[in-house]
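Biologist: I would like a close look at a single part of this model. Please keep it brisk, and give the cut-offs as you go.

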Amino acid sequence: MDGLCCGPGYASPSEAVRATREKLLYTIAIYTGTGIQKPDYLATIDVDPESQNYSQVIHRLEMPGIGDELHHMGWNACSSCHGDEKMTRKYLLVPGVRSNNIYVIDTATNPHAPSLHKVVDGAKIKSKTNLSGPHTVHCLGSEIIISFLGDAKGEAPGGYLHLNKEFEIVGRWENSMGDIPFSYDFWYQPRHNVMVSSEWAAPNTFMPGFDLEEVGHLKYGRRLHIWDFEKKKPIETMYLGEDGLIPLEVKFMHDPNSSHGFCGAALSANVIHFWKSKDGKWEWEKIIDIDNEPHPDWPIPVPGVMSALLVSMDDKYLYINNWLHGDMRQYNISDPHNPMLTGQIWMGGLLGKAPVVNGVKVAGGPQMYQLSLDGKRMYVTTSLFSTWDNQFYPEIRTEGGVMVMIDCDVENGGMEINKDFILDFGKEPNGPSRCHESRYPGGDCTSDIWL
Amino acid sequence: MNKITIANRNNTIFEVKGTKPLLSELRSQGLDLPYGCQYGGCITCAAKLINGEVDQKSQVALNNRQINNGYVILCVARAKTDCTFDIGVESHDNLYRNPFIDPLAPHELKADIAILKDNN
């Protein structure tokens, strides 16, 4: 862009890297499944070190009812409509996985105290589109698509809800689900006319908790799907097999010309790298394999459970977590075929490496994280999903979640826990809540896509 | 009408008609209960049945071990007799387990994939 326009976001990833430092953070916190009969809420967190409220929750926007299980969220607009000066990055769309409601939250009128703008009713979504179990929100130019993991009865494979910019239900986005058995996350790269989607499980399978036996009964995913983005239909499946059990988060490089992307297979604790070869064929390989670790109380070694993955805005570093082990890792991916481990920190986890961080006992392990646009600050939370938390970290009920900040060295590589920042959600006014995904008002490393 | 006794709420008694699921009948009488999906798929509203009998055939969240431990999905279950329940997360002592440390036997899986002992 010429700098005379513009709409939301940035002209390019390199411009985004140079953006102003984030001062606020919006983070989801849940009471669903905790025993506290209060609504889930969106917390505003002060991350301005010059502020007297630094490292504190400064506002809580409660949802209208209980039991949503807020999980992931996304913006109404991102850099994909940077050229449209009529658009603004104003609204956060926050789905409730269990209630099926989509909350549209106005963060622009008062960024410190967001307010509820609109509710897209979960029952209406079911009746109009036969979808339930919302997950990933991406804007699509000026409109929005949201992946859903189930049909109205919670059975796989679900599909994609299309909302217009007034947040009205247009209908289903996709023209076909092909033979896709499960849905979860997705990311698109328009210059390659491609979308890649991953597989968790049907809502009726994962919502009640994790039965390991159901992996063997093929109730959990092990594939990635390549879509013709313009035709809105899947065209190819990558069967990952044992290397790719429960493939969750999918991210492309931010460079819109790149065809390289990554997926974290949670149960296999592997990173799958995919790319388009010179002859136009989609390829994949396993590039990171986290060994299972022995535990005195476990009959089998503990898998990492790599539940999330993030690429820095300059495409230099890949970050992964091992929720059950308790570590976060940074890899230099300048050569995406050969990642180099450049940083690692420990916080919580089952291996007992870092039970206390900055004076706060950590229930859970590193689970969701958001990175600043300049790549230097990463905010990490500890809760995965209420029922899964209750299985693996039952103490999180009384101790709540924790947010930790990691200083990342973008020049030489390296990660270090920041000693001045800690947020203990165990001390929330209504009792211990669990923090999950975060977004920054000015954009972040999991929101923006360039056309 | 059936009498529903909530043991862990001082044995408070509610009368239900059985025309709606227990969650909505009890909530409409002022009992504060957790819930999520409201179609029997997500386990948030699970309570433990101590005495009595319910019809919860439309639930799809519980595996057979959880059912054998007495768990009931209140958002779809209806009382067939007088019942006594423990409610809320205090009743969830046997609901959640670490699946790696404590695996399920084939007959303890969810109904659609369970292999019943008699068929072995």
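Which residues of helix α2 (residues 122-129) of chain A are buried?

Modeller: First, the ground rules. This is a predicted model, where local features need pLDDT of at least 70, side-chain atom pairs count only at pLDDT 80 or more, and totals for chains, interfaces and linings use all residues. Residues are numbered from 1 along each chain as its sequence is written, while chains are lettered from A and ligands numbered from 1 in the order in which they are written.

Now the helix. The buried residues of α2(A) are A:G122, A:I125 and A:T129. Buried means that 20 or more other C-beta atoms, placed from the backbone, lie within 10 Å of the residue's own; exposed means 12 or fewer, and partly exposed is in between. Helices (H or I, at least four residues) and strands (E, at least two) are DSSP runs, numbered from the N terminus.

These buried residues line one face of the helix, because they fall within an arc of 60 degrees seen down the axis of α2(A). The arc is that of the directions from the helix axis to the C-beta atoms. An α-helix has 3.6 residues a turn, so residues three or four places apart point the same way.

What does that face meet? Contact here means C-beta atoms, placed from the backbone, within 7 Å. After the helix comes A:N130, with a positive phi near 60 degrees.

Next, the setting. Chain A has six helices and 30 strands. Its radius of gyration is 20 Å, close to the 22 Å that the globule rule gives for 451 residues, so chain A is as compact as a globular protein of that length. That radius is taken over C-alpha atoms, and the rule is 2.2 Å times the number of residues to the power 0.38. The C-alpha atoms fill a box of roughly 50 × 50 × 50 Å along the principal axes. Of the 451 residues of chain A, 57% count as buried. Residues 24 or more positions apart make 58% of the chain A contacts with a separation of 6 or more.

Finally, the partner. Chain A puts 31 residues in contact with 26 residues of chain B. On the side of chain A that touches chain B, α3 (203-206) and α5 (386-392) of chain A each supply at least two residues. The largest share, four residues, comes from α5(A).

Conventions:
Contact = placed C-beta atoms within 7 Å.
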